[in-house]
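User: Hi! I have a model open and would like to go through a few residues with you. Could you take a look?

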Amino acid sequence: MFSGDVVLKQVAGRQMSAGDVADADLLLVRSITQVDAALLDAAKHLKMVGTATIGTDHLDKDYLTSRSIPFFNAPGCNADAVVEYDLAVLFNLFEERGESLLDKTVGVVGVGNVGGRLCQRLEALGVKVLKNDPPRHAAGESGFIALDEVFAQADVICLHTPLVKTGQWPSYHLVGEAELERLKLGAVLLNAGRGPVIDNQALLGFLQQRTDVTAILDVWEHEPQVDATLAARVHIATPHIAGYSLDGKLRGTHMLRQAAATVLDAPQPPDLSEFLPVAAVNAVTVSDDVTISALINMVYDPLHDDRRMRKTLVCDDQPVRFDLLRKQYPVRREFASLRVIGLRDRALREQLRAIGFSVDLA
């Protein structure tokens with residue numbers, strides 16, 4: 001990609017120190033590395049900071065700006081993976097209950113890269129969607145309702161806000177006792193955004209009293225430390241891997257390669273399609289008796305991640321194992337990697353297309 005000799009230094013994200021980056025020209029991280037003055041004051045040659053994530057709350061953007069260090073994230077890189085995590089857990093949950101997601105009202109809190117795409121797929125399925133996003137509403141966009149109304153009306157609530165602690169619309173502990181008390185009987189609360197958006201202690205106390213409510217958590221307030229008592233009350237518990245598809249990881253890396261090429265005035269890399277491998281299972285022939293959840297589970301079964309995580313909760317080194325679950329995460333592909341063949345049921349074909357599958361005519 002670049003001319004001359006390139007020295008690549010790999011450092012564990014939580015252990016990265018100022019000495020590790022003192023001589024760096026480029027710093028590329030993920031969400032577990034705090035990039036601030038403590039890390040970068042000794043870095044005198046830094047030309048760019050990049051994070052292969054959607055979120056940027058781990059970057060001290062004011063500090064980077066004061067140093068005139070360009071910084072880049074990868075907005076949308078794993079948005080489809082997170083959306084498909086949501087769909088996987090919800091289709092599995094409602095099939096288990098003998099119900100249908102298509103009959104539910106879904107509230108989406110935070111309608112950005114992830115939340116917006118989730119709304120699009122749900123609406124394409126014919127699901128009624130309630131949207132809450134105060135910054136977008138204030139900017140003049142329409143179609144949003146108040147958070148209190150979402151919690152009171154929705155059967156399912158999906159949280160996809162960034163973590164914001166200051167300003168007009170902070171999201172830290174956005175969901176506390178008052179919001180939880182508004183949940184409908186039998187509601188589902190899903191957080192695959194940022195852990196501290198929910199007050200986890202308030203959630204634990206609430207779930208101990210309201211056993212009718214189902215919680216699904218991929219993110220936790222004090223990661224990598226997970227409250228085992230809370231996890232025991234959660235229907236599906238996973239280790240912050242909602243966006244961990246191979247497609248999303250490669251897409252994020254590719255976006256940073258493009259940014260680095262621009263900063264260093266180097267040639268742009270080839271198109272991402274040249275790097276995505278063919279999925280191990282890439283086509284399946286089915287009859288009209290197949291269920292959406294069965295096809296979803298062929299690509300991604302969230303219960304596998306739930307079981308892996310629960311095994312770590314009884315270990316003395318649980319935080320270390322939480323990080324290992326992420327670092328050693330198995331290859332997972334997105335729905336579009338599977339081509340579904342043989343369906344004659346037009347409605348089912350359209351539903352599968354709506355959530356992202358490739359579908360051939362029978």
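Analyst: Happy to; here are some notes on single residues. This is a predicted model, where local features need pLDDT of at least 70, side-chain atom pairs count only at pLDDT 80 or more, and totals for chains, interfaces and linings use all residues. Residues are numbered from 1 along each chain as its sequence is written, and side-chain values use heavy atoms, leaving out hydrogens and water.

User: Great. Where is Asp305?

Analyst: Asp305 sits in helix H13, residues 302-312 (helices are DSSP runs of H or I with at least four residues, strands are runs of E with at least two, numbered from the N terminus).

User: Is Asp305 buried or exposed?

Analyst: Asp305 is buried, at 3% relative accessible area (buried is under 20%, exposed over 50%, partly exposed in between, with a 1.4 Å probe and protein chains only).

User: And what does Asp305 contact beyond its neighbours within four places in sequence?

Analyst: Ala237, Thr238, Pro239, Ile241, Tyr300 and Tyr329, where contact means heavy atoms within 4.5 Å.

User: New topic: which residues does the cis peptide bond join?

Analyst: Glu223 and Pro224, with omega about 5°. Pro224 belongs to the loop between strand E8 (214-217) and helix H10 (228-233).

User: What about phi of Ser68?

Analyst: Ser68 is not a glycine, yet its phi is positive, near 55°. Ser68 lies in the loop between helix H3 (61-66) and strand E3 (71-72), and counts as exposed at 65% relative accessibility.

User: And how exposed is His173?

Analyst: His173 is partly exposed, at 26% relative accessibility. His173 also has a positive phi, about 55°, without being a glycine.
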